[in-house]
Amino acid sequence: MMLRLVRAPLLLVGVSVLVYAATEALPGDAADARTAGRATAAQLAKLRTRTGLDAPAWQRYLDWAGGLLRGDAGVSLLSDRPVADLVGQRLPATATLAAAALAAAVPAMLALAWIAGTPSRTGRIAAAAVTAAAAVPQVVVAAGLTAVFAGMLAWLPPVSLLPPGGTPADPRALTLPVLSLAVPSATYGAALLRGVVADAAARPYVRDAHLRGLPRWRVAAVYVGPMLLAPAARVVAVVAGGLVASTAVVETLFGYAGLGELLTGAVANRDTPVVQAVAMLAAAVVLAGLFLADLLAAATDARRSPA
């Protein structure tokens with residue numbers, strides 16, 4: 001338990017270094033983006049001094065990390081607004097989108113993993129289909145869903161056009177973004193869990209339960225389900241974090257004003273405090289989910305161990 005408590009913050013520190021290094025590697029800076037190439041060298045130097053961009057990278061990292069520890073994510077280099085306000089304005093929209101996608105993805109993921117992990121011809125076909133579907137890029141999934149449901153069938157609006165801080169006037173506007181997130185997440189998670197299901201189903205006591213004529217639902221609930229609890233929790237944690245990160249593509253495609261669209265614009269304008277805040281939020285969601293999954297795994301192992 002103590003190791004898990006120490007590991008999570010250390011991982012978060014490591015992620016913060018990687019996030020900061022990645023943003024530092026972006027070509028240009030916010031001063032160039034803010035002036036759109038119309039400023040003189042003296043004006044650019046003055047702007048970099050005012051925003052702190054002229055300080056050494058290590059000093060800016062320490063200032064940024066220290067601010068995060070104090071709950072201060074800094075100020076946008078483009079709008080001079082507090083980053084916390086920008087993130088807070090968009091967070092409810094992304095949280096709603098990610099929660100709806102996760103609610104749709106998890107049952108589908110478990111069902112697909114169960115079918116693909118069974119030792120039968122149907123299971124082998126399902127395994128091949130899940131692996132192939134998991135390899136399809138998310139942008140292709142979004143485009144395909146839009147072409148079918150908004151174009152051919154005209155059942156759903158092709159874009160959401162959600163204003164910052166607003167809510168969809170028509171709930172159907174969420175359907176395509178949710179499906180575009182849920183379908184890749186479900187197939188990816190099912191591909192990860194398929195092997196665990198196959199391994200659990202091949203255990204001698206599971207085969208013995210089938211030979212004793214126990215109903216399938218009882219075998220699944222009593223003999224197989226407990227073995228899948230911890231791995232499934234870890235996969236759900238990874239999928240949940242991936243949903244937060246992958247909203248950038250979906251929100252941009254569908255005009256949904258959430259954190260993903262904010263991140264895309266911040267990267268384009270080299271607004272590094274905003275990029276870093278959104279990236280760290282996504283990383284924190286993943287690490288928190290994995291920590292909870294580790295606790296669940298420890299509790300499950302403790303229940304299995306003999307008294």
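**Entry 1: α5 against α11**

I began with helix α5, residues 83-117, and helix α11, residues 259-268, which pack at an angle of about 135° with their axes 8 Å apart. That angle makes α5 oblique to α11, and I noted the scheme: under 35 degrees is roughly parallel, over 145 roughly antiparallel, 65 to 115 roughly perpendicular, and the rest oblique. The axes are lines fitted to C-alpha atoms, for helices over the stretch in contact, and the angles run from 0 to 180 degrees between N-to-C directions. Helices are DSSP runs of H or I with at least four residues, strands are runs of E with at least two, and both are numbered from the N terminus.

This is a predicted model, in which local features need pLDDT of at least 70 and side-chain atom pairs count only at pLDDT 80 or more, while totals for chains, interfaces and linings use all residues. Residues are numbered from 1 along each chain as its sequence is written, and side-chain values use heavy atoms, with hydrogens and water left out.

Which residues make this meeting of α5 and α11? On the α5 side I listed L86, V87, R90, L91 and T94, and on the α11 side L259, G260, E261 and L262, where contact means heavy atoms within 4.5 Å. The residues of this contact divide into 5 nonpolar, 2 polar and 2 charged. In this sorting Ala, Val, Leu, Ile, Met, Phe, Trp, Tyr, Cys and Pro count as nonpolar, Asp, Glu, Lys and Arg as charged, and the others, Gly among them, as polar.

**Entry 2: salt bridges**

Side chains of opposite charge can pair when their charged atoms come close. I looked for salt bridges, meaning a side-chain nitrogen of Lys or Arg within 4 Å of a carboxyl oxygen of Asp or Glu, and the structure holds 3 of them.

R90 forms a salt bridge with E261, and their closest N and O atoms are 3.3 Å apart. Because R90 lies in helix α5 and E261 in helix α11, the pair ties together parts that are 171 residues apart in sequence. R90 is buried, with a relative accessible area of 12%, whereas E261 is partly exposed at 28%; buried means under 20% relative accessible area, exposed over 50%, and partly exposed in between, with a 1.4 Å probe and protein chains only.

D199 forms a salt bridge with R203, with the closest N and O atoms 3.1 Å apart. I found D199 partly exposed at 40% relative accessibility, and R203 partly exposed at 30%.

The side chains of R212 and D208 also meet in a salt bridge, 2.9 Å from N to O. R212 is partly exposed at 48%, and D208 is partly exposed at 36%.

**Entry 3: α5 against α10**

Next I turned to α5 and α10, which pack at an angle of about 140° with their axes 8 Å apart, and which are therefore oblique to each other. The contact includes T94, L97 and A98 of α5 and, among the α10 residues, L243, T247 and E251. By class, the contact of α5 with α10 has 17 nonpolar, 2 polar and 1 charged residues.

Is T247 buried or exposed? T247, which is found in helix α10, residues 216-254, is buried, with a relative accessible area of 1%. Leaving aside its neighbours within four places in sequence, T247 is in contact with T94, L97, L181, T252 and G260.

**Entry 4: two loop residues**

I then checked backbone angles in two loops. D80, in the loop between α4 (57-69) and α5, has a positive phi of about 65° although it is not a glycine, and D80 is partly exposed at 38%. R270, in the loop between α11 and α12 (272-304), has a positive phi of about 55° and is not a glycine either, but R270 is buried, with a relative accessible area of 19%.

**Entry 5: the whole protein**

Last, I looked up the totals. The protein has 12 helices and 0 strands, and buried residues make up 37% of its 307 residues. Among contacts between residues at least 6 apart in sequence, 74% join residues at least 24 apart.
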